[in-house]
Amino acid sequence: MASMYIAGTGIIYWPDDLPFRSAREEADALLVDTATIPGTSFLHSTAHREETLQSRIGQVTNHIALENYIIFTTKLNKVFLYRLEFPLPDLDPPEPIELTAFYPTTTDTPFELRDLQ
């Protein structure tokens with residue numbers, strides 16, 4: 001899978017096994033079927049008063065695509081895992097799962113997630 005983050009839209013992903021085009025072939029556009037990870041469209045500057053999936057996740061700061069998963073961090077200092085399914089079901093796509101094992105057990109020292117590798 002290939003992926004990218006678009007602010008205000010979220011993390012989108014698509015199969016990376018697209019047919020190869022030679023340099024001589026010309027096309028105005030390449031249409032690719034994509035899916036968006038639910039809850040990843042939140043923008044920090046957006047005012048959300050109600051409790052939504054987007055406000056619980058927060059704004060995406062970094063993500064990495066693995067073979068069957070995308071892992072991402074947010075401005076709320078959270079880490080999430082999303083199992084890649086393609087194509088996504090039309091109704092009720094699965095929600096990202098928060099990974100809490102990375103958080104410190106004490107709050108004496110500030111803790112900040114910075115990078116995924």
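A nonpolar core is a set of buried Ala, Val, Leu, Ile, Met, Phe, Trp, Tyr and Cys residues joined through side-chain atoms within 4.5 Å, where buried means under 20% relative accessible area with a 1.4 Å probe, protein chains only. This is a predicted model, in which local features need pLDDT of at least 70 and side-chain atom pairs count only at pLDDT 80 or more, while totals for chains, interfaces and linings use all residues. Residues are numbered from 1 along each chain as its sequence is written, and side-chain values use heavy atoms, with hydrogens and water left out.

**The core**
- The largest nonpolar core has 12 residues, among them Ile 57, Ile 70, Phe 72, Phe 80 and Tyr 82.
- Strand S2 (10–14), H1, S5 and S6 each supply at least two residues of this core; helices (H or I, at least four residues) and strands (E, at least two) are DSSP runs numbered from the N terminus.
- Beyond four places in sequence, Ile 57 has contacts (heavy atoms within 4.5 Å) that include Phe 72, Phe 80 and Pro 96.

**Strand pairing**
- S5 (residues 69–74) pairs with S6 (residues 79–83) in the antiparallel sense over five bridges; pairing takes at least two DSSP bridges between two strands.
- In this pairing, Ile 70 stands opposite Tyr 82 in S6.
- Four residues lie between S5 and S6 in their hairpin, and Asn 77 in the turn has a positive phi of about 65 degrees.
- S6 also joins antiparallel strand S7 (residues 97–98) through two bridges, with Phe 80 opposite Glu 98.

**Gln 59**
- The loop between helix H1 (53–57) and strand S4 (60–65) holds Gln 59.
- Gln 59 counts as buried because its relative accessibility is 15%.

Conventions
Buried means under 20% relative accessible area, exposed over 50%, partly exposed in between (1.4 Å probe, protein chains only).
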